Amino acid sequence: MASHRRPKQPSRARVTVLTTAAAAAVAISSQAANAAPSEKPSKDEVKAKVDALYEQAEQATEKYNGAKEKQEKLQKEISTIQDNVARGQDDLNELRDAMGLAAAAQYRTGSIDSSVQLFLSADPDDYLDKASAMDQLSAQQVESLKKIQEKQRELAQQRAEAADKLKDLSSTRTELGKKKKEVQAKLGEAQKLLNSLSAAEKAALAAEDARASRSASDRVDLGNTAPGTGRAMAAFQAAQSKIGSPYVYGASGPSSFDCSGLTSWAFAQAGVGIPRTSQAQANYGTKIYSQSQLKVGDLVIFYGDQHHVGFYAGNGQILHAPRSGTVVRYESINNMPFQFGVRI
C-alpha cells in the first residue's frame, strides 16, 4: 500500500521573504510605469554641448601644439649638443695622441721624465694640481695639458646639458601623449552626442554649417579696410588660398590646418617665421586693442586664455580655421570673444 505523506509547508520566514520581494517588484513596476520618460536633448542643446566640447578640444590642441613645438626644439638642441660632444671628443683624442707621441719619442731616446710618466698613468687634472711638478714640464707640454683639461671640462658640461635636455624631452613627450588623448576624448564625446541626433536633425546642423562655410569662389564683402604690410598681406593671401581646407587638430598645412597652424603656415609662405601656438603668436608682435584700428593681415586673438587665432580680413570679418568638423572660412569677428589684434 502506498505511503501518503503530507506536503511540507514553507516556513514562515520564507513566506515573509517571498511576500516582501513580490511587493517590491510590484512597487518598482508601478514606479516605472508612472515615471515620465527622460526627455531627449533638443538639436540646439546638443549643438551647444558639442560647441563647448570643440572649444575645450581646441584649448587642449594649442597645449598639444606647444608641447610638440617644444619637443622638436629639444630634439634639435640635443642633436647639436651631441654633435659638439663628438667633435670635442675628437679634439681631445688628438691632444692626447700628440702627448702620447711626444712621450713615445722621449721613451725611445731614454729621456722620458717623471712628469710625462705621471701624465701617462694619471688624470691630467690630478697632475696639474701638483704645482710642484709644473717646473718639470716644458711650456709646450704645460699648454697641451691645459688644453686637455679645458676640453675635458667642456665635454663634461655638454654631456650634463644633454642629459638634462633628454629628461626634459621625456617629460615633454609624456605631456604630448596626454594632450593628444585629451583632444581625442573631447572629439569622441562630441561625436557621440552628434550620433544621438536623428537623421533630420543631423541634416539641419549640416545645412547650418554649410551656410557658414563659404567656398573659395563665394564673394565676401571685405569692405575697404586698410591693408597691412607687404609681408602681412602676403600671409593673408596665402591663407585665402586655403579656404575650404579642413580643420584637423595639430595640422599646419599644406592640406589641413588648426587655427594657429593656418596662421604660422601662411606667414611662412611670406618668408616670416612666427611661433606655432596661438598663445605665443599673441605675444609676438604689436598688440592692437581696438577693432577699428585693425588692418587686413593682422592676427586676431580670441578668448581669455588666447587659445584661438585668425587673420583679420576687413569689414568685421576674420579668416580662420574654426574647429573640428569645419573648414578654413570667413566668419564674423563677433562670433567669439575678441581680445586684441597682433601686427607682425
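A pocket, as the word is used here, is an open set of grid points with protein on both sides within 12 Å along at least five of seven lines. In this predicted model, the largest pocket holds about 580 Å³ of space. Its lining comprises 26 residues, and those closest to its centre are Lys47, Asp51, Tyr54, Asp209 and Arg323. Helix H2 (43-109), helix H6 (199-212) and strand E5 each give two or more residues to this lining. The largest share, seven residues, comes from H2.

**Confidence of the model**

The mean pLDDT of the protein is 79, and 74% of its residues reach 70 or more. Confidence is lowest in helix H1 (residues 12-34), at a mean of 45, whereas strand E2 (residues 299-302) has the highest value, at 98. Two stretches fall below 50. Over residues 12-37 the pLDDT stays under 50, and the model shows one contact beyond four places in sequence for them. Residues 131-135 also have a pLDDT below 50, with three contacts beyond near neighbours in sequence. Where pLDDT is low, the predicted coordinates should not be read in detail.

**The sheet**

Six strands form an open sheet with antiparallel pairing, in the order E1-E6-E2-E3-E4-E5. Strand E1 (286-288) and strand E5 (329-332) stand at the edges; each has a single partner strand, so one side of each lacks a neighbour in the sheet. On average, neighbouring strands are turned by 40° against each other, direction ignored. Strand E2 and strand E6 (residues 338-343) pair in the antiparallel sense over four bridges. Leu299 stands opposite Val342 in E6.

**Helices on the sheet**

In helix H7 (residues 230-240), the buried residues are Ala232, Met233, Ala235, Phe236, Ala238 and Ala239. An α-helix has 3.6 residues a turn, so residues three or four places apart point the same way. The buried residues of H7 pack against helix H8 (259-269), strand E3 (308-314) and strand E4 (317-320).

Definitions and conventions
Residues numbered from 1 in each chain as written. Predicted model: local features only at pLDDT ≥ 70, side-chain atom pairs only at ≥ 80, totals over all residues. Heavy atoms only, no water. pLDDT = per-residue confidence, 0-100. Contact = heavy atoms within 4.5 Å. Buried < 20%, exposed > 50% of the residue type's maximum accessible area, 1.4 Å probe, protein only. Pairing = 2+ DSSP bridges. Axes fitted to C-alpha atoms, helices over the stretch in contact; angles between N-to-C directions. 1 Å grid on protein atoms, 1.4 Å probe; cavity = no way out; pocket = protein on both sides within 12 Å on 5 of 7 lines; lining within 4 Å. Points joined across faces, edges and corners; volume = space filled by probe spheres on them.
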